[in-house]
Amino acid sequence: MDDRDLLERARKGDEPALSHLFSQHQRQVFHYAAYMCGPSAADDIVQETFLVVLRQTGRRDAPTSSVRAYLIGIARHLVMKRHGRTSEWAVDETVLEQVPSAEPNAFDRLAAAQSIDAIRGAVRSLPPAYREAIVLCELQEMDYSIAAALLNCPVGTVRSRLHRGRALLATKLAASMGEEVERVR
Amino acid sequence: MSDPVRHDGLTQALRRLAEADRMMTTSPAIEARLRAEVRAMGGRSKTWNGGTLLALAAAVTICVSVPALWWRTHGQSGSTDAPHATTVAREATTEFFPLFYGSVPSSSGHIVRMEVPRAALAQFGLASAHDVDRTTGTVIADVLVGDDGLARAVRFVRPIFQE
């Protein structure tokens with residue numbers, strides 16, 4: 001039985017079907033929500049996402065790609081609604097020019113030594129449009145075409161945001177590593 | 001010129017983060033809440049026939065009546081063992097008030113008797129003065145719990161004492 005069947009059964013009151021669907025996808029939805037609006041709100045987003053899905057009985061237009069992308073798409077809508085200001089999600093095209101170059105070997109050594117908390121903090125500090133590209137395509141390893149459908153943009157835009165997100169992330173990590181070196185001195 | 005975007009170090013850092021993030025998960029209460037919602041949806045979508053409704057009503061009645069009868073019987077026999085103490089002659093109860101999961105269907109259930117803070121009365125629009133145990137500040141409540149462990153309804157009990 002595939003995810004779409006599980007979804008239809010859950011909507012008809014099949015509790016084991018919901019349980020199976022939930023265990024399959026809750027972690028990715030929670031993961032996305034935790035990065036996009038903070039861990040404390042992530043539980044609420046997951047609950048609201050599944051409630052929306054369960055109550056959309058009779059709909060024939062969803063999901064179009066994968067159920068996972070469909071669920072994260074709903075979570076994304078809820079996150080944006082919660083933020084209240086979609087302008088935060090607008091992409092700043094100038095950020096790439098602000099990225100300084102760094103010697104690859106030195107950077108690689110230092111990046112490998114960064115703590116998980118520092119890396120997570122750097123991802124969370126990215127602008128939302130780049131952050132979600134990193135979360136979906138790098139951390140969740142989502143296919144670019146599925147991510148593009150989810151984000152309602154061309155695949156090229158996903159690649160571009162991912163590239164810029166990585167560039168910003170490298171800058172942030174390099175900066176935090178510089179601060180760390182200064183503290184040690 | 002170097003390209004920080006293609007650094008292996010960054011890729012490795014993100015891989016480590018993805019690995020650590022596998023521990024992230026929703027709290028168990030969320031699944032419980034969703035399961036209750038699905039049960040409710042299943043209940044709403046079913047067409048109950050007369051026989052099923054009658055059986056359900058009978059089951060609920062038995063679950064409500066038997067424990068209450070047992071409690072009364074034992075309460076009265078206990079009172080005869082202590083002739084000089086103040087004893088419970090009978091009790092007055094309110095109607096059952098539906099709780100949050102009150103609309104979730106359940107095939108069976110049972111009543112759990114407990115003491116709750118007097119503030120609980122006010123939440124259901126009841127006055128508290130004559131129902132409160134003055135030594136503990138609590139009132140007695142019967143909670144109707146479904147077979148899934150979710151509380152469906154509550155009623156408050158006022159013991160009527162005699163010397």
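Q: How many disulfides are there over all chains?
A: A search of the whole structure finds 0 disulfides, a disulfide being a pair of cysteine sulfur atoms within 2.5 Å. This is a predicted model, in which local features need pLDDT of at least 70, side-chain atom pairs count only at pLDDT 80 or more, and totals for chains, interfaces and linings use all residues. Residues are numbered from 1 along each chain as its sequence is written, chains are lettered from A and ligands numbered from 1 in the order in which they are written, and side-chain values use heavy atoms, without hydrogens and water.

Q: Is A:Cys153 buried or exposed?
A: A:Cys153 counts as buried, at 15% relative accessibility; buried means under 20% relative accessible area, exposed over 50%, and partly exposed in between (1.4 Å probe, protein chains only). A:Cys137 is buried as well, with a relative accessible area of 10%.

Q: Now packing: what is A:Leu136 in contact with?
A: Leaving aside neighbours within four places in sequence, the contacts of A:Leu136 (heavy atoms within 4.5 Å) include A:Tyr32, A:Ile72 and A:Met142.

Q: And what follows helix 1 of chain A?
A: That helix is followed by A:Gly13, whose phi is positive, near 100°. Helices here are DSSP runs (H or I, at least four residues), numbered from the N terminus.

Notes: Helices (H or I, at least four residues) and strands (E, at least two) are DSSP runs, numbered from the N terminus.
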